[in-house]
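Subject: Structure for you to look at

Hi,

Here is the structure I promised to pass on. Please have a look at it, and then read my notes below.

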Amino acid sequence: MAQTDVLLTKEPTPQTMPACQLPRKLYDVARNTGAHTSSGLATAGFRTAKYLVDEWFQNCYARYHQAFTDRDQSERQRHESQQLAAETEALAQRTQKDSTRKVGERLQDMHYWKSELQLQVGELVAETDLLLAQKQRLERALDATAVPFSIATDNLQCRERRQHPDLVRDCVEMELLKEAELIRNIQELLKRTIMQAVNQIRLNREHKETCEMDWSDKVEAYNIDDTCCRYHNQSTEVQLYPHSATFEESASTPETWAKFTQDNLYRAERERLASVNLRELINCILQDTAEDLRLQCDAVNLAFGRCCEELEDARHKLEQHLRKTLQEITDQEHNVAELKQAIRDKEAPLKVSQTRLYQRSQRPNVELCRDSAQFRLVSEVEELNLSLATLREKLLEAEQSLRNLEDTRMSLEKDIAIKTNSLFIDRQKCMTHRARYPTVLQLAGYQ
């Protein structure tokens, strides 16, 4: 045993030897022997209860080698584990930082598109309100055209009550017919424009709702990503979701996601520009129609004014002719009376002449002579008869002229009454009614 102790003390221990190195003798023994090998008398016949010294050393050396191997493997495992843990920790931090940066960039993108959508929605709302105001102007302008149309039709109906020969198709009637046709065309134009405005308002609202839905989705996604961006390793709200790393089949790509919003903005902007153009068109239509109606109204009023002046002048001339005719009738009546008196005045001289001739025809025998007195009396009777015939003929002419003057007086009085009636219709009925014609502001839909 002393020799064994000396041997043990001479050999270096595993703790004092370098790693992965054993003494050559111990290494050979450990390699060539096992834990259950035996030598000497132990293999001669039967096994005793005690091991040999070599077996004891071999067993110790085997335990030393196993412990050394396990410690070496454990050290390498621990070193590799620490290195792997550090690498995975750094990788996790880099990955998480990059994911946070990506989510932040996504937040910026969503904020940009969300702002663009919100701006577009505000512009569409403002544009729709402006278009609604223009639509109300169109409706008011359409309502305002009812008054001019009723005035024009009433004027035409009133002028149908004119009497012959004033019932003519004059310039006033032509202008009134043109005005009625213009109002009908304007009403049709305003109705079509109102339908266009209604359709454009519907399109504006549809695209506004589309942008609002897109904006609402982006707000919800923004809030989700903002919450995700705020998560960290110490957050208490996080937990494991094993199946969350799979991609949904209905998920969009960044290109389709951006294109979807771009298309919505493009369509919304297109409709907004169409609405702006329609508003400008409506404004031009209202101004043009109001100006056209007022110009036509002025043309009708001018025609009425000229017609009334002509009627007034004609009535004035007729009244002058009537006064002259009445004066002439009076003079002609005096003339007829004078002619009748002249005829009556010729009866006495004729009686005297004829009585003289009759008395002288009673002269006896040779005294019944054709003397100069006889000739003179005969010529006197002839002259008186000729004068009476001339006077009677002139009396007939005077009486016929008087009858013609009476007929002319009646015709003049009738024409004056007709002109007075026409003036009353044009001036009192039509032009008074036309004083209710709407103003340019009313026809343009501002009132």
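**Salt bridges**

Asp-72 forms a salt bridge with Arg-76, with the closest N and O atoms 1.9 Å apart; the term means a side-chain nitrogen of Lys or Arg within 4 Å of a carboxyl oxygen of Asp or Glu. Before going on, please note that this is a predicted model, in which local features need pLDDT of at least 70 and side-chain atom pairs count only at pLDDT 80 or more, while totals for chains, interfaces and linings use all residues. Residues are numbered from 1 along each chain as its sequence is written, and side-chain values use heavy atoms, leaving out hydrogens and water.

Asp-72 and Arg-76 are 4 residues apart in helix α3, about one helical turn (helices are DSSP runs of H or I with at least four residues, strands are runs of E with at least two, and both are numbered from the N terminus). Asp-72 is buried at 15% relative accessibility, whereas Arg-76 is partly exposed at 44%. Here buried means under 20% relative accessible area, exposed over 50%, and partly exposed in between, with a 1.4 Å probe and protein chains only.

In helix α6, Arg-272 and Glu-269 lie 3 residues apart and form a salt bridge with their closest N and O atoms at 2.6 Å. Arg-272 counts as buried at 18%, and Glu-269 as partly exposed at 25%. Salt bridges with shared partners also join Arg-159, Arg-162, Arg-169, Asp-170, Glu-173 and Asp-426 into one network. The whole structure holds 32 salt bridges.

**Aromatic rings**

There are 4 aromatic pairs, where rings of Phe, Tyr and Trp (its six-membered ring) pair if their centres lie within 6.5 Å; planes under 30 degrees apart are stacked, over 60 edge-to-face, and the rest tilted. Trp-56 and Phe-57 are edge-to-face, at 4.9 Å centre to centre and 75° between the planes. Ring pairs link Trp-56, Phe-57, Tyr-61 and Tyr-64 into a cluster.

**The nonpolar core**

The largest nonpolar core has 22 residues, and Ile-282 and Leu-138 are among those that touch the most other members. Such a core is a set of buried Ala, Val, Leu, Ile, Met, Phe, Trp, Tyr and Cys residues joined through side-chain atoms within 4.5 Å. Helix α6 (254-360) is one of the elements that give two or more residues to this core, and its 7 residues are the largest share. Leaving aside neighbours within four places in sequence, Ile-282 is in contact (heavy atoms within 4.5 Å) with residues including Leu-131, Leu-138 and Ala-197.

Best wishes
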